[in-house]
Amino acid sequence: MDHHLTPTPPSPMENSAAGPSSKPPTPASTPNSRLASAPSSRHSATPPHASAQASAPTPASRTIYSDRFIPSRTGSNLALFDLAPSPSAASSHEGCPAASSGSAPAASPYCALLRAALFGPDTPDRVASSATACSSSSSPGPSPVGTPATGNIFRFKTEVRRSAKRALFSGEEEEDALFPGIFTTRGAGPRKVPRSPYKVLDAPALQDDFYLNLVDWSSHNVLAVGLGNCVYLWNACSSKIWDATRCKRIRTMESHRMRVGALAWSSSLLSSGSRDKSILHHDIRAQEDYVSKLTGHKSEVCGLKWSYDNRQLASGGNDNRLFVWNPHSVQPVLKYTEHTAAVKAIAWSPHLHGLLASGGGTADRCIRFWNTTTNTQLSCVDTGSQVCNLVWSKNVNELVSTHGYSQNQIIVWRYPTMSKLATLTGHTYRVLYLAISPDGQTIVTGAGDETLRFWNVFPSPKSQSSDSLSCIGGTSFVRSYIR
């Protein structure tokens, strides 16, 4: 029996493979011929189940020309967007580029930062997912979501939090929370404070008396120091020293019966605290020596500070009491009795209304924080030594305390954690006097060792408007002079 061999008709797969080769060439005179390469790969692909008649040119397999330019994404880094590279790109490279961690751009810190800023800090790593997508592109089955085969290249993403966008220009704490492990080169440690003073001045006859306040820094960048029976003025811009007794005296107010150890200004109102246990308000515009008298302390008044809004006056005394007064009261409106030693160190926060800090003497050694709005004590920190002075930074939420027995140190604190940023030493006697420069960056300390020491402890303000410059005397440029 003879067997006749009949030629086998071509399979559908062979027809589909030969289909693109049977297309007519693109005319060179067509203006949009250079745009054909991008869309052709998306619209000319023939399904594997097509019949033999599908090899004929159809509207779906012909090249589509358009007036819209669609660039070729063959060289794009689709791994950054959780997209597998196209099969043509995968065949031209030996393996998936995203799979090699050594040369993958998506594994660099820059790509990690960019991905976190665009899609949020919780976006998972794309390298492993891209490698999986690359390996699965050659296997049969449906294409993974987000690959070019599905056409869903730019998938919808949830809106990035505004805090993530601001983190590029924010502080270290927010950067570490949004981009963990990226900003490791900067370091998350505390701000560095110089451990030594940049200037030391001799102050002969500077008294070693805990109850006195003999150093102050004016808004015009002039430092006043009481030495012996004289007051000396040191110009921080020119470093010239003047004897205030040789200047013209404006007025003399003789109203206290004993020494005056504390003064505080509130616009044209001068408040004074004395060993006679009283506080007097002097209005320099009035003819009378004082306009009101405050009574309440049972011992010498050694601390006196007006709040920044001039609505509250805090006073501390040798009776271990801290009182708060309003401008029209003759009796204290708030009384705090928790301290167990004299209260000389008093400071109002410039950042939060009603926040008051106070420090006790040798038997107390504590810094206490009060909310005068709610009349509550917020916290208490045992410093281990006598608290002589407190001052709050106007630029950052930090404060400085000076101490006496037994360590004679200066401590920079971060509020509200009360973590120590720096401990400065150098004085050999109690650091009884403290003042801050008008730009809020420098402090000056005085002690019984008859020296004045200038320290750079606070950073410069991040932004200052012209209004704030006028309030402090326009002294933000003074730093180069007082150094």
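Leaving aside neighbours within four places in sequence, which residues is Thr383 in contact with? Keep that question in mind while you set up the view. The model on screen is predicted.

**Stop 1: Thr383**

Select Thr383. You land in the loop between strand E17 (376-382) and strand E18 (387-392). Buried means under 20% relative accessible area. Thr383 has 8% relative accessibility, so it counts as buried. Now show what surrounds this residue. Beyond its neighbours within four places in sequence, Thr383 is in contact with Arg365, Ile367, His403 and Trp413. Zoom in on Arg365. Its backbone oxygen lies 2.7 Å from a polar atom of the Thr383 side chain.

**Stop 2: Gln409**

Go on to Gln409. This residue sits in the loop between strand E19 (398-403) and strand E20 (410-414). Is Gln409 buried or exposed? Its relative accessibility is 2%, so Gln409 counts as buried. The side chains of Gln409 and Ser385 make a polar contact at 3.4 Å. Other contacts of Gln409, again leaving aside neighbours within four places, include Ser401, Thr402, His403, Thr423, Leu424, Thr425 and Val431.

**Stop 3: the largest nonpolar core**

Select Leu206, Val215, Leu223, Val444 and Leu452. They have the most contacts inside the largest nonpolar core, which has 20 residues. Which strands each supply at least two residues of this core? Colour strand E2 (215-217), strand E3 (222-227), strand E22 (431-436) and strand E24 (451-456) to see them. In soluble globular proteins, nonpolar side chains tend to be buried together.

Stay here and centre on Leu223. Not counting residues up to four places away in sequence, Leu223 touches Val215, Asp216, Trp217, Tyr232, Leu233, Trp234, Val444, Leu452 and Phe454.

**Stop 4**

Look at the ends of residues 294-326. Their C-alpha atoms lie 11 Å apart, and the span is 0% helix and 52% strand. Then turn to residues 424-457. Here the end C-alpha atoms lie 10 Å apart, with 0% helix and 56% strand.

**Stop 5: helix H4**

Finish at helix H4, residues 109-119. Which of its residues are buried? Show Cys111, Arg115, Ala116, Ala117 and Phe119. Then step to Gly120, which follows H4. The phi of Gly120 is positive, near 105°.

Notes. Residues are numbered from 1 along each chain as its sequence is written. This is a predicted model: local features need pLDDT of at least 70, side-chain atom pairs count only at pLDDT 80 or more; totals for chains, interfaces and linings use all residues. Side-chain values use heavy atoms; hydrogens and water are left out. Helices (H or I, at least four residues) and strands (E, at least two) are DSSP runs, numbered from the N terminus. Buried means under 20% relative accessible area, exposed over 50%, partly exposed in between (1.4 Å probe, protein chains only). A polar contact is a pair of N or O atoms within 3.5 Å; within protein, one must be able to donate a hydrogen and the other to accept it, and residues adjacent in sequence count only if both atoms are side-chain atoms. Contact means heavy atoms within 4.5 Å. A nonpolar core is a set of buried Ala, Val, Leu, Ile, Met, Phe, Trp, Tyr and Cys residues joined through side-chain atoms within 4.5 Å.
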